[in-house]
Each structure stands twice: as structure tokens, then as C-alpha cells.
Amino acid sequence: LRDWVLRADISIINFEKIRVKRFYESIKSLIADGLIDVICVDEAHKIKNRNALQTKNVSRLTAKHRWVLTATPYGNRLEDIQPMLDWSTHDRAFGGWSKFNRDFCIWERVKVSRSRIVNMCTGYKNKNVLKERISEYSLRRRKSDVLDLPAKTFTNRYFPMTEIQEKAYEEMRISFITWLKN
């Protein structure tokens with residue numbers, strides 16, 4: 001990896017590779033040696049789970065400049081944005097997971113099964129502060145803001161199945177119909 005990075009001005013690396021210990025350790029070493037000073041993580045929404053290995057590994061990559069790109073910064077929970085912003089801003093955006101939770105989450109004990117009660121973020125507080133803090137670090141563009149695209153066109157194309165495909169399809173169809181009737 002070192003030789004490869006030394007020959008390039010820009011290296012594009014598959015995001016999932018960060019879970020491979022040998023690869024992750026090589027990147028950390030290259031950063032420590034000053035050979036990598038910018039990391040841009042595309043599909044950064046994949047680092048929303050702070051307990052996931054790739055999130056932990058990305059958060060330990062301490063390049064001087066860190067950028068995150070995503071079309072979906074958070075899905076079902078607003079706190080999903082915290083790991084992305086804290087990593088990319090060197091923990092300046094929210095001051096870490098605990099501080100984010102204290103400042104912006106409303107926590108309640110919730111019964112999730114007969115025998116299990118857990119603490120869950122069930123709502124948010126200080127939303128205006130959160131929105132302002134996020135806006136300091138994010139740049140949002142919609143397709144309509146930056147691209148003049150023609151309307152989508154859809155074309156249906158039908159391709160004949162091979163004899164083997166037809167046989168497999170018919171077997172699955174009959175099996176499924178039988179299953180539905182039972």
C-alpha cells in the first residue's frame with residue numbers, strides 16, 4: 001500500500017477495506033508518516049453506528065483534513081450525524097458522543113421486551129442550536145440547484161428467458177402459489 005500511495009497524488013480506496021486490520025493499520029501508518037493528510041469519506045452515512053468496526057476505525061484516522069460526503073446524512077435518527085461531524089471536525093462540532101447526548105437528546109427508559117428496558121433517545125431538545133451547529137459544517141445541494149437534467153424517461157424492455165430459466169421460473173411460481181394456498 002505504501003508504494004502505491006507514494007506513486008499517486010490521489011488514492012481512492014474502497015470504504016469497506018477500512019474493516020481489514022492490515023489495511024487499516026497501513027493507512028494509520030501512512031498518516032503518521034505524513035504521507036496522507038486528507039481523507040475524504042464518501043457514503044459517510046455508513047459511519048453512523050459508533051459501535052461498528054468501520055466507524056471505530058475511521059474515527060481513529062487522524063488525518064489533518066477530513067471530509068465526509070453523503071446524500072443521506074441521517075436516516076431514522078438525527079443522532080446518526082454525530083459521528084460524521086465529530087470526526088470530520090476533529091471533535092469540534094459536538095464534543096463527542098456523551099456531550100451530544102446531553103445537549104440534544106431526550107432520554108427515556110423504554111421497555112423493548114418483557115424483560116428488557118433500555119435507555120433510548122426518544123426526542124430532541126435545543127433543535128435550533130443543533131441546526132445552527134450542523135449548518136456551520138455542512139453544505140447541502142439538491143440536484144435541482146446544481147444540475148439542469150432532462151426529465152427521466154423509462155423504457156421497458158423484455159428479454160426472452162432461456163429454456164433453463166423458464167423451467168426454474170415455472171417451478172418457483174408453482175411452489176409459491178402452493179405455499180400461498182397453504
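**A guided reading of the predicted protein chain**

Visitor: In what order do the elements of the protein chain run from the N terminus on?

Guide: This is a predicted model, in which local features need pLDDT of at least 70, side-chain atom pairs count only at pLDDT 80 or more, and totals for chains, interfaces and linings use all residues. Residues are numbered from 1 along each chain as its sequence is written, and side-chain values use heavy atoms, with hydrogens and water left out. Helices (H or I, at least four residues) and strands (E, at least two) are DSSP runs, numbered from the N terminus. The order of the elements is α-α-β-α-β-α-α-β-β-α-α-α.

Visitor: What is the radius of gyration of the protein chain?

Guide: The radius of gyration is taken over C-alpha atoms, and the globule rule is 2.2 Å times the number of residues to the power 0.38. For 182 residues that rule gives 16 Å, and the value for the protein chain is well over this, so the chain is more spread out than a compact globule. The radius of gyration is 23 Å.

Visitor: What share of the residues of the protein chain count as buried?

Guide: Buried means under 20% relative accessible area, exposed over 50%, and partly exposed in between (1.4 Å probe, protein chains only). Of the 182 residues, the share that counts as buried is 24%.

Visitor: Which residues of H4 are buried?

Guide: Helix H4 spans residues 81-88. Of its 8 residues, 8 are buried, so H4 is largely enclosed by the rest of the structure. The buried residues are Ile81, Gln82, Pro83, Met84, Leu85, Asp86, Trp87 and Ser88.

Visitor: Which residue has a side chain joined to that of Gln82 by a polar contact?

Guide: Gln82 counts as buried because its relative accessibility is 5%. Gln82 touches Phe94, Gly96, Trp97 and Phe100, not counting residues up to four places away in sequence. A polar contact is a pair of N or O atoms within 3.5 Å; within protein, one must be able to donate a hydrogen and the other to accept it, and residues adjacent in sequence count only if both atoms are side-chain atoms. At 2.6 Å, the partner of Gln82 in such a contact is Asp86.

Visitor: Is Cys105 buried or exposed?

Guide: Cys105 is placed in strand S3 (residues 105-111). Leaving aside neighbours within four places in sequence, Cys105 is in contact with Glu79, Phe100, Cys121, Gly123, Tyr124 and Lys125. With a relative accessible area of 2%, Cys105 is buried.

Visitor: What value is phi of Glu43 near?

Guide: Most residues other than glycine have a negative phi. Glu43 lies in the loop between strand S1 (38-41) and helix H3 (53-59), and at 37% relative accessibility it counts as partly exposed. Its phi is positive, near 55°.

Visitor: Where is Asn126 placed?

Guide: Asn126, a residue other than glycine, has a positive phi near 55°. Its relative accessibility is 44%, so Asn126 counts as partly exposed. The place of Asn126 is the loop between strand S4 (117-124) and helix H6 (127-137).

Methods
Contact means heavy atoms within 4.5 Å.
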